[in-house]
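Dear colleague,

Please find below the structure that I am handing over to you.

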Amino acid sequence: MLKFRTVHGGLRLLGIRRTSTAPAASPNVRRLEYKPIKKVMVANRGEIAIRVFRACTELGIRTVAIYSEQDTGQMHRQKADEAYLIGRGLAPVQAYLHIPDIIKVAKENNVDAVHPGYGFLSERADFAQACQDAGVRFIGPSPEVVRKMGDKVEARAIAIAAGVPVVPGTDAPITSLHEAHEFSNTYGFPIIFKAAYGGGGRGMRVVHSYEELEENYTRAYSEALAAFGNGALFVEKFIEKPRHIEVQILGDQYGNILHLYERDCSIQRRHQKVVEIAPAAHLDPQLRTRLTSDSVKLAKQVGYENAGTVEFLVDRHGKHYFIEVNSRLQVEHTVTEEITDVDLVHAQIHVAEGRSLPDLGLRQENIRINGCAIQCRVTTEDPARSFQPDTGRIEVFRSGEGMGIRLDNASAFQGAVISPHYDSLLVKVIAHGKDHPTAATKMSRALAEFRVRGVKTNIAFLQNVLNNQQFLAGTVDTQFIDENPELFQLRPAQNRAQKLLHYLGHVMVNGPTTPIPVKASPSPTDPVVPAVPIGPPPAGFRDILLREGPEGFARAVRNHPGLLLMDTTFRDAHQSLLATRVRTHDLKKIAPYVAHNFSKLFSMENWGGATFDVAMRFLYECPWRRLQELRELIPNIPFQMLLRGANAVGYTNYPDNVVFKFCEVAKENGMDVFRVFDSLNYLPNMLLGMEAAGSAGGVVEAAISYTGDVADPSRTKYSLQYYMGLAEELVRAGTHILCIKDMAGLLKPTACTMLVSSLRDRFPDLPLHIHTHDTSGAGVAAMLACAQAGADVVDVAADSMSGMTSQPSMGALVACTRGTPLDTEVPMERVFDYSEYWEGARGLYAAFDCTATMKSGNSDVYENEIPGGQYTNLHFQAHSMGLGSKFKEVKKAYVEANQMLGDLIKVTPEDVLSAAMYPDVFAHFKDFTATFGPLDSLNTRLFLQGPKIAEEFEVELERGKTLHIKALAVSDLNRAGQRQVFFELNGQLRSILVKDTQAMKEMHFHPKALKDVKGQIGAPMPGKVIDIKVVAGAKVAKGQPLCVLSAMKMETVVTSPMEGTVRKVHVTKDMTLEGDDLILEIE
């Protein structure tokens, strides 16, 4: 490993006393007149303009900025002492290439010198000459040197003349595709096209075959023309897997040339540097000497003045090849400054004033390497989409700072608008440490501190690079990114606070995101959570299950002397009363109280059934996460779910392996008891569900769906014999517990006695579990009759969540059995506190409460036999359609339909929602939560209604992380159909733009490509259409180019994902598109 002598303090250039003539130079250096510079204009934009302005300010020089019409809000304009508009009416890039305007501004404002920065006109000899002709100094090489070095072909010839090795290539710019063909015939593939008059990756394309030649030639020419005003290209043999090493040089007007060592720029994509390192790791000292000496030799060959960079490729055998000279300051000059303590911009300005390098204290023998520096270019590009540029407004910007970190930026601030017109560079982050690993650690820490919201960035990708072992070992080459696909396994940013603000803003502008059936506001107060003792909850039946397994659990249930209760409040009760809308947020708040005070419960029903898809569809919650979080809070009480046999938690059959896997994962995440049923008591479907639940290690509770009336001899279809025969089959199949599932609440006390006593006599050792709904009002009486006839478990709900279409009252069953052999051992006072919480919680869901339209239960359920949940839904729908006064006729129609279909068993209809795994619902859920969230941290009133203006509230993201939020204002509508919503978050102003969905319907916008419509081709990124390659009616093949987009000076070819015929083209040339705007349709 190389070791370098470190220098502390050292050569950082300080301000030099400004005099009219240069002080005495060394004897071998001739004297020239020193002309101090008083005003510098930077013919550039962004961070490099600000970098130069800062150097000028340090030297007491006044600064002038120029800006295009699109850059009126950019920071570089504000950092200068003066700023002037150029290129009025021109395209954004062309404004900065308009030499007459720039020279005019310089002359009119008494500018002494122009600094070109990098890119744009920095390597244009005609611009350097124009400055000289106007009597303005050009801070850079002479026009002649710029011309020679800017022409890649002439630079090659100079290198050859100087004895510097070069890559095989053309001697002059090629003028046709035919010449490219000839070169490839001679040297073979791969080859590379390069812009003859610029760098930075523009106009650079690698070609691996004849089939790619024409398209890449066209793209390279077009990019070079757009970026540099000249599309000339030359061709070279492409060296595979080289290191890209460049040497920083500095010259003065006296013939002094020195180098400031090398930089490793091998980490690239699309030939643009992403991470730069100085010095290059593990570089052979002899190779370093050859590289630096060749660089100085080449610079002396042309009489180089000012700063420049000589670039080389180093192959796997340690051979180096000259590729080009950049006759300007490089983007990555920062890392050289950090390791040499030389301010390159200061040096550039002093050299332009007439200073010599020795006068500045810059002698080769004094230049030493001090540690290691790494630069990361943070860009507004999305690595997950092939680094496509992203545009938009920066909603949040927080940088990483601290010891050893330097930031060079311009447009990185909250509220900045990132346009598609210019480079995607957001900020340069430079880390300096004693060695490569130390610098990498500092960089990684700094990047982790960054928070950029509103536009995509490459930060997650850069973090992967910094953690890559090959990078840390210092053995990278130019294929590093291509050969490490794991770099694209990006850890998604949490972005929780901003996602929450987006959601709240959306609700404030557009109203609730979940459909509201009636106009009723949620309660303004949150429910009061009863006190919970400190420490773990007492042991419960789940401890028996974990210790003795399902069989032992079933024995313990059967041997229990009193009546056991299952609490349905966490699922079926709110499904029946509140349209399944109760959120995990409110379940979690009361969960610890339940664990500590209801350990005697047989189980809690809290999952499965409709809750699975409603959680995703309307509450935007993950049902699996609900199960996991509740399990953590309630470790002692068994959880129970409703499993629809072969349908799992859906409404259609699924392959056997899907059902088995579902049960397995449910058990792993905390489920204990699987109540398995089928809507029609179809035994094969039930047996599949039972086998799946049993294989997962769960308690199997086979449930017989009950309908009719076994006590009525005229109802012969569903007789006592029918149920007894079905029970025989289920017991024979190995169920641990037998359940009677009375979904419509049809069980009358007499029927309960008949059915349960018969089952108890037939199966004396099998636990019996009874479920009903209290629609008729006789639920408590029916469950007491079941208990007296031998049932082990009955279903109840918290008092304030019971009755009507829900389950019977928990308090009523507890009170009625108290002091009897059926005593539930549930403390009555705890039931009261529990009910009080749910009474308050129910008020939050007023818009979904069945009592908004239904004021009581109804005994006519014995006639219409409508299931509890469906009864509530029908009532809501009748009222929402203006048929509330005709609900009696609606129920009558249900009865007639039921008889026409053969008197079906009454369950929730199986065509109401999507299939068991709900692919469409899940896709929408993922899209929604990618934009908004984490919504489970919001209280229910905020979730449904959003905050009021001036309302202050807290949101706990996790333990120890709390957001303090205040809603401030909502703006008027802008021309894009958006409203700006203002918040104060943790004391800082935040604002977001929200599309007004109602206003958008009345405004015309370009259509978007729909992801689920095959053949709709959308823009992969924001940009400008520069070429359309097909017309309507044309036949296209898969992979065929359709159009070309340009954004941030890079061109992207949009290709066809399929074979077909172009039905319609929705864009025209020069049209500006946003991401996903519809380009064309293929059929």
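Ser-356 is placed in the loop between α12 (344-353) and β14 (372-379). Ser-356 counts as buried because its relative accessibility is 0% (buried means under 20% relative accessible area, with a 1.4 Å probe and protein chains only).

Please note that this is a predicted model, in which local features need pLDDT of at least 70, side-chain atom pairs count only at pLDDT 80 or more, and totals for chains, interfaces and linings use all residues. Residues are numbered from 1 along each chain as its sequence is written, and side-chain values use heavy atoms, with hydrogens and water left out.

A second residue, Thr-170, is found in the loop between α7 (152-161) and α8 (177-187). Thr-170 is also buried, since its relative accessible area is 13%. A polar atom of its side chain lies 3.3 Å from the backbone oxygen of Ala-172. Leaving aside residues up to four places away in sequence, Thr-170 touches Val-153, Arg-156, Phe-183, Phe-234 and Val-235 (contact means heavy atoms within 4.5 Å).

As for the whole protein chain, 59% of its 1083 residues count as buried.

Yours sincerely

Definitions and conventions: Buried < 20%, exposed > 50% of the residue type's maximum accessible area, 1.4 Å probe, protein only. Helix = DSSP H or I, 4+ residues; strand = E, 2+ residues; numbered from the N terminus. Polar contact = N/O pair within 3.5 Å; in protein donor to acceptor, adjacent residues only side chain to side chain.
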